[in-house]
Amino acid sequence: MAGETVGAAAGRTAGEWRGWRAATQEALYGEQGFYRRPEGPAGHFRTSVHASPLFAGAVARLLCRVDEALGHPTSLGFVDMGAGRGELVTGVLAALPPEVAARARGYAVELADRPADLDHRVEWLAEPPGGITGLLFANEWLDNVPVEVVEVDPAGVPRLVLVRRDGSERLGEPVVGADAEWLARWWPLPPETGLRAETGLPRDTAWAAARATVDRGLAVAVDYAHTAGARPPFGTLTGFRAGRGTAPVPDGSCDLTAHVALDACAGPGGRLLTQREALHALGVAGGRPPLSLASTDPAAYVRALGGAGEAAELTAPGGLGDFGWLVEPAGIPDPLL
């Protein structure tokens, strides 16, 4: 789900030229948008949440560390931003120790309708609640906050990329104003024809608003990410449909996603690390169980081997392990240090 108001789709035509931000907003979150579809995101792509229950278990341990740093408050909030069908918040609540679970309140923030079978303890919201004491966790949310795509023209000028519903593109007006200022600071483009970038200002704004709902505790954003000095020269906008990458077409038939400039999103107290580093700090490692266990307890060995494989996938270099984690404490020490 995105941190923006959903615009009405009335009057849209296949031949209308718009910026990628407006086109993505409607394609993902409009009345017939991709994220409104009954199969949900899990029907089209696999996140860390879907890869293994070890991920929800690690987030639950992180919530317990936040709980300890807060002094065990009577009400401990867990906010799942861009909750999909509530898979993460359900897994986290199930993995908490009974004493913590008794005080925990789960919030799923998503624009789609509430799933009929969702745990009754989870409150389903279109916007994050204010005044949270606890943990706000945004797993692959920011990459779906719509942004503009820009491209350098033959004169060396960055221009907005305009798109139609069928995915056809053309260059529009030069980038000006706040987007131009953001590019100059965070993603300066050399004057080389065809270079591309995505303007991350809407994500910075969305994350700042989400982070501000945490009065005391921790806010974490997890996503495909890049940082200054290693920006991709041709941008990262892409589509996903039925588990495969596809051309980005803003007609509601596929997911539309672009990697996140997490360093631009970070507040003054924010810290960036990889998912591999974060999960290792939370006890998720991909080491093979000792072979001696195979002879003393074969069933336990098979279970441990499966868990090691799942942990290896979550922390793999070149894969999920390279995801960025932006960690921002509010009134507590960093629980991942």
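Are Phe-137 and Trp-325 buried or exposed? Both Phe-137 and Trp-325 are buried, where buried stands for under 20% relative accessible area, exposed for over 50%, and partly exposed for what lies in between (1.4 Å probe, protein chains only). The structure is a predicted model, in which local features need pLDDT of at least 70 and side-chain atom pairs count only at pLDDT 80 or more, while totals for chains, interfaces and linings use all residues. Residues are numbered from 1 along each chain as its sequence is written, and side-chain values use heavy atoms, with hydrogens and water left out.

A search of the whole structure gives six aromatic pairs, a pair being two rings of Phe, Tyr or Trp (its six-membered ring) with centres within 6.5 Å, called stacked if the planes are under 30 degrees apart, edge-to-face if over 60 and tilted for the rest. Phe-137 and Trp-325 make an edge-to-face pair, because their planes stand at 80°, with the ring centres 5.5 Å apart. Phe-137 belongs to strand β5 (residues 132-139) and Trp-325 to strand β17 (residues 324-330), so this pair links distant parts of the chain, 188 residues apart. Helices (H or I, at least four residues) and strands (E, at least two) are DSSP runs, numbered from the N terminus.

Tyr-224 and Phe-323 form a tilted aromatic pair, at 4.4 Å centre to centre and 45° between the planes. Tyr-224 sits in the loop between β10 (214-223) and β11, and Phe-323 in the loop between α11 (298-314) and β17, so the pair ties together parts 99 residues apart in sequence. Tyr-224 is partly exposed, with a relative accessible area of 26%, whereas Phe-323 is buried at 5%. A further group, Tyr-29, Phe-34 and Tyr-35, forms one aromatic cluster.

Charged side chains come next. The whole structure holds 13 salt bridges, each defined as a side-chain nitrogen of Lys or Arg within 4 Å of a carboxyl oxygen of Asp or Glu. Arg-231 and Asp-263 meet in one of them, at 3.1 Å from N to O. Arg-231 lies in the loop between β11 (225-226) and β12 (238-241) and Asp-263 in helix α8 (residues 262-265), so parts 32 residues apart in sequence are tied together. Arg-231 is buried, with a relative accessible area of 14%, and Asp-263 also counts as buried, at 15%.

In the salt bridge of Arg-159 with Asp-153, the closest N and O atoms are 2.6 Å apart. Arg-159 is partly exposed at 24%, while Asp-153 is buried at 7%. Asp-166 and Arg-164 form another salt bridge (3.9 Å, N to O); Asp-166 is partly exposed at 48% relative accessibility, as is Arg-164 at 26%. Asp-67, Glu-99 and Arg-103 are linked in a network of salt bridges.

Finally, consider a pair of helices. The axes of α3 (residues 53-69) and α4 (residues 87-95) come within 8 Å and cross at roughly 60°; these axes are lines fitted to C-alpha atoms over the stretch in contact, with angles running from 0 to 180 degrees between N-to-C directions. Contact (heavy atoms within 4.5 Å) is made by Phe-55, Ala-56, Gly-57, Val-59, Ala-60 and Leu-63 of α3 with Leu-88, Gly-91, Val-92 and Ala-95 of α4.
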